[in-house]
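Let us walk through this fold piece by piece. We take the sheet, then the nonpolar cores.

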Amino acid sequence: MSVNSTKLSHPSSRSTANRDDLKIGDQYSPLFALIRDRLRDRILQGEFRPGARLVESRLSDEMAVSRIPVREALRALAAEGLVTIEPRRGASVAILSDELAYDMVEVRAALEGLNARLAAERRNEAAIEQLQGILKEGTAAAEREGAEAWETCRRLNRTFHETLATVTGNPVLMDLMNSLRDRTALVFAPSNMRRVRENWADHAQILRAVIAGNAELAGLLATQHVHNAARAYTQEREKKGDSPAPTIRAEAQV
């Protein structure tokens with residue numbers, strides 16, 4: 001099997017039947033990382049629902065790769081909290097318990113609030129300009145429809161939060177937030193474009209407070225942003241008939 005390095009583009013369609021874009025056996029970046037990223041996208045897009053089996057042989061055939069990089073990719077996703085691996089049963093998409101989801105919401109809300117407060121206090125012109133560019137691009141993408149717009153919004157959403165975190169100059173906080181952001185991806189993945197647009201409206205409010213140097217308001221808005229996303233997760237579960245998640249308290253009413 002050839003492992004020549006080529007550029008992997010994101011799929012414009014999420015249908016599973018006969019997709020040439022899934023056959024990435026001739027690409028290497030390393031290969032397991034490409035598979036991990038593709039599977040992560042499909043989980044967060046909702047193609048693989050919580051509890052769905054992720055069969056190594058089926059995935060390796062679908063992507064035209066051996067089972068070894070698929071196994072490595074699944075282990076990496078398990079470390080992120082997106083996948084559960086059980087003896088004799090194999091891998092499946094993780095199912096977050098209501099209690100764990102609630103606990104993670106509380107912690108992430110606190111960290112995002114601290115992050116925004118510090119960013120408002122330590123802001124600089126170069127970072128603000130970069131955040132404004134991300135906000136403009138993300139807001140424009142949120143007005144479009146389709147898989148490409150969805151993927152652009154997802155990528156820019158992470159970039160916005162990561163860039164805001166760099167403004168704080170606190171590497172410990174950045175590491176904690178990055179780790180928790182991976183673990184909470186299933187909770188905070190938007191379920192529809194309406195929620196995506198609401199996300200970017202929240203970002204605009206947070207950034208305005210940061211630019212104004214209003215640390216208290218920036219922190220409150222960032223905390224509320226987390227609770228808004230968690231509430232949307234709760235509502236989506238109830239709409240789909242899943243067991244009701246615990247009510248997410250809005251700790252910061254702004």
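An open sheet of three strands runs in the order β1-β3-β2, with antiparallel pairing. Two strands pair if DSSP finds at least two bridges between them; helices (H or I, at least four residues) and strands (E, at least two) are DSSP runs, numbered from the N terminus. This is a predicted model: local features need pLDDT of at least 70, side-chain atom pairs count only at pLDDT 80 or more, and totals for chains, interfaces and linings use all residues. Residues are numbered from 1 along each chain as its sequence is written, and side-chain values use heavy atoms, leaving out hydrogens and water.

β1 and β3 pair over two antiparallel bridges. Arg53 has Ser92 of β3 as its bridge partner. Helix α3 packs on the sheet and touches β1, β2 and β3 (contact: heavy atoms within 4.5 Å). The direction of α3 makes about 115° with that of β2 (axes are lines fitted to C-alpha atoms, for helices over the stretch in contact; angles run from 0 to 180 degrees between N-to-C directions).

Now the interior. A nonpolar core is a set of buried Ala, Val, Leu, Ile, Met, Phe, Trp, Tyr and Cys residues joined through side-chain atoms within 4.5 Å. Buried means under 20% relative accessible area (1.4 Å probe, protein chains only). The largest such core has 35 residues; Ile35, Leu39 and Phe48 are among those with the most contacts inside it. Its largest share, six residues, comes from α4. A second, separate core of 28 residues includes Ala127 and Leu156.

Terms used
Buried < 20%, exposed > 50% of the residue type's maximum accessible area, 1.4 Å probe, protein only.
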